[in-house]
Amino acid sequence: MRSGRKMGTAEAPSTELMEEYAGGSPEGVGVPRFGWRICLAHQFREQRKPFEASDVSMSHMIDHLGLGIRYLKWWYRKTRIEKKTPFIDTFNSIPLRQIYGAPLGGFGGGSITRGWRGEFCRWQLNPGMYTYDTVIENQDTSLPVGVFIWEIENQNEEDLEVVLMFTLRNGTGTKDDLKGGHWNEPFHFNKEEEHISGVLLHHAAPVNNYTMAISARHKQGLVISHQTEFNPNGMGQEIWKDLLQDGKLDSLPGKGKQTDKGQVIAAAIATTCIVPARKQNVVEFCLAWDMPKIHFGSREKEHARWYTRFFGTSGDAAPALSHYSLTHYKQWEQKIDDWQHPILENGQLPDWYKSALFNELYFISDGGTIWLQVTGDLNITNGLTDRRDQLPPLPKVMKDYGRFAYLEGQEYRMYNTYDVHFYASFALIMLWPKLELSLQYDIAAAVLKEDNTQRIHLMNGRLAKVNTSNVVPHDIGDPDDEPWERVNAYLIHDTADWKDLNLKFILQVYRDYYLTDDLTFLKDMWSICQAVMDSELKFDTDGDGLIENSGYADQTYDGWAVTGPSAYCGGLWLASVCIMCKMAEILKEEEEYKKYRDILEKGKEAFERILWNGKYYNYDSSKKCYANSVMSDQCAGQWFVRACGLGEGEYEVFPKAHVLSALKTIFDLNVMSFANGTMGAVNGMRPNGTIDTSSVQSDEVWIGVVYGLAATMIQEGLVNEGFKTAEGAYRTVWEQLGMAFQTPEAYCKKNIYRSLAYMRPLSIWSMQLALDKMHG
């Protein structure tokens, strides 16, 4: 490490969660040293409730009265007349359940989350649509699979016969389970002398039929038996009585019959083995699900999930998926160990950071994720023939790696929300770069499209088109509609007038090129970057090289109004102009280089003159009471400039001394003067050390912003400050509030959280990028 400094503290990540219950083996038998650990008896002391209308102050309620009325009307029409689920449902927020563990399943094939006590409790099989039912009967126990390895140790002096049983109920605990037509059957699958046996559970769903499979792997001395169907209601006496008779399950041969309306069934497999005295044995189970073809809510198009490229679309892949998983999981584990080893064994990294870095990746799988095969081309022309040559019809990366999308959050149901992906994208580009590039081509294609359908936007009540060409969309659609075909499910603001979306596209395009060295990608994106920057230029209304905000919440902080030149959007603008210069230099576009170099020089002068107050950059240039608030995210432009390997010499955007002063001020006020430095950085703080309560978002902590801020501090050499800042957010979410594997968008100092299971905290990977750069 630079200067040999230690980074943060190095105590165990969940010491307080374990020590109260520690017995003879406080670390836990076979439990990895690092990671989030919790005792099964733990109870979280602090209980919080989701943000609701009743939590809005009277002054804010008056300011947003029109929004409230328009939202209520829209919500009623959507839920009661159209019988659809709102993309944001403020009347039915997900309550905090402090129970979740890691999700099962790869990317885009659906996910099933287990609680940390073992229950199956969060289901996302239909794309982007979640149910939160804990199916009690299921607690005995890129691919849509989960593998369960039981290591059985016999400490007795005599051999023992051990039976393990895996039960699963048909369905996901919803009313659709009772519609009838479900049926089960046993199966055996043998390939390359590896044999598995289990039961297939077929589901006759209203849309998107699927099959689940429970299975076990044969080995010498292991007996596998099954029960094709049993009644899971009550205490399960039927299945236990069968098992206790002889240690095996007895079932009628052949397929089971279809369920009647109102009937529920379950299946079970049991493994019987001998564990010799003072020795061990291992039993391997698998849960797989096969929903190969899916429709989104509109049911207009049929899509094939990505895994079907290898396992087919016929709906009979569950046995093969199970077999492949049980025979390859050891290779997967080794590759994961190899990937994580350098970070986990780095003694200068605090343990909590190692837990946060890898565990926050849960959202890549469990963010309503969809990964599809691409058929045909991107349909980018949309009748505009002059756009045909601006992007390849089907980019190679999409042909080879498919189409990828994940939700803004499990409660904010929009795919690839771009102002938030700006933060989260570090995880994709650093770990799965081809998926990030594929996503970028989809965004670029959406920039070239236009949807002139008029709709009322809820904030101001005005009509505006759904999607404007040459402007980056807010999102690529709602899973309850038809994503990619109809973008911008978000209708609170008209985001064509937002100031940050275009800029975030510019910054991410170059960042992605910088980290992949993919010149074809950069060339393909260049004309799109020119188009969106030309659109952005209109926001520089006085020609001083600096854009102005429009007096409302016209950026990712969509509840925090901003007027005139501002630290956040102004900083992103200057960073983007700098990036345009760099891209023009690489592509030998001399006229464009000169154009943006001139803008950059003017804009830098204006930015410093208007917003720098001697210690930090003012929130905005308005005459409002909050104009000189300290915004924790004011250095977002510098964050990306540094992440792109720029920020010095010809490509310096913000004076080094000013950046350091601003970051130190943020640390002193937004971090250390907020909850004594134990809860991360509050979004807004007044210069006198009191929280900015001027908006419904200024007094929140946004976990993803905190991690990005921490990365910015590390980039500028404030390593200890960066880790102290991030640690507060991690410990608050994962240890204090019981929000493991459901990290929210925001929480306040007391009582309130908002939007569980959110995309933005994936920005923690920008901290790792900053650390990697420190090592050269």
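## A friendly tour of a predicted structure

Helix α4 (residues 237-246) lies across β6, β10 and β11, and runs at about 155° to β10. Angles like this one are taken between N-to-C directions on a scale from 0 to 180 degrees, with axes fitted to C-alpha atoms, for helices over the stretch in contact; contact means heavy atoms within 4.5 Å. Helices (H or I, at least four residues) and strands (E, at least two) are DSSP runs, numbered from the N terminus.

This is a predicted model, in which local features need pLDDT of at least 70 and side-chain atom pairs count only at pLDDT 80 or more, while totals for chains, interfaces and linings use all residues. Residues are numbered from 1 along each chain as its sequence is written, and side-chain values use heavy atoms, leaving out hydrogens and water.

- Three strands form an open sheet in the order β6-β11-β10, with antiparallel pairing.
- At the edges are β6 (160-169) and β10 (223-230), each of which pairs on one side only.
- On average, neighbouring strands of this sheet are turned by 15° against each other, direction ignored.
- Strands count as paired if DSSP finds at least two bridges between them; β10 and β11 (residues 266-275) have 6, in the antiparallel sense.
- One of the bridge partners to look for is T271 in β11, which pairs with I224.

**An enclosed helix**

- Helix α16 (residues 636-643) is largely enclosed by the rest of the structure, because 8 of its 8 residues are buried (under 20% relative accessible area; exposed is over 50%, partly exposed in between, with a 1.4 Å probe and protein chains only).
- Among the elements covering α16 are α10 (418-431), α12 (501-516) and α20 (764-774).
- Just after α16, G645 takes a positive phi of about 75°.

**Salt bridges**

- The structure holds 33 salt bridges, each a side-chain nitrogen of Lys or Arg within 4 Å of a carboxyl oxygen of Asp or Glu.
- E450 and K465 form one, with their closest N and O atoms 2.4 Å apart.
- E450 sits in the loop between α11 (433-447) and β17 (451-456), and K465 in strand β18 (residues 463-467), 15 residues apart.
- R731 and E727 meet in another (2.8 Å, N to O), and both are buried.
- R731 and E727 are separated by about one helical turn, because they are 4 residues apart in helix α19 (residues 719-736).
- R642, E648, K656 and E716 are linked in a network of salt bridges.
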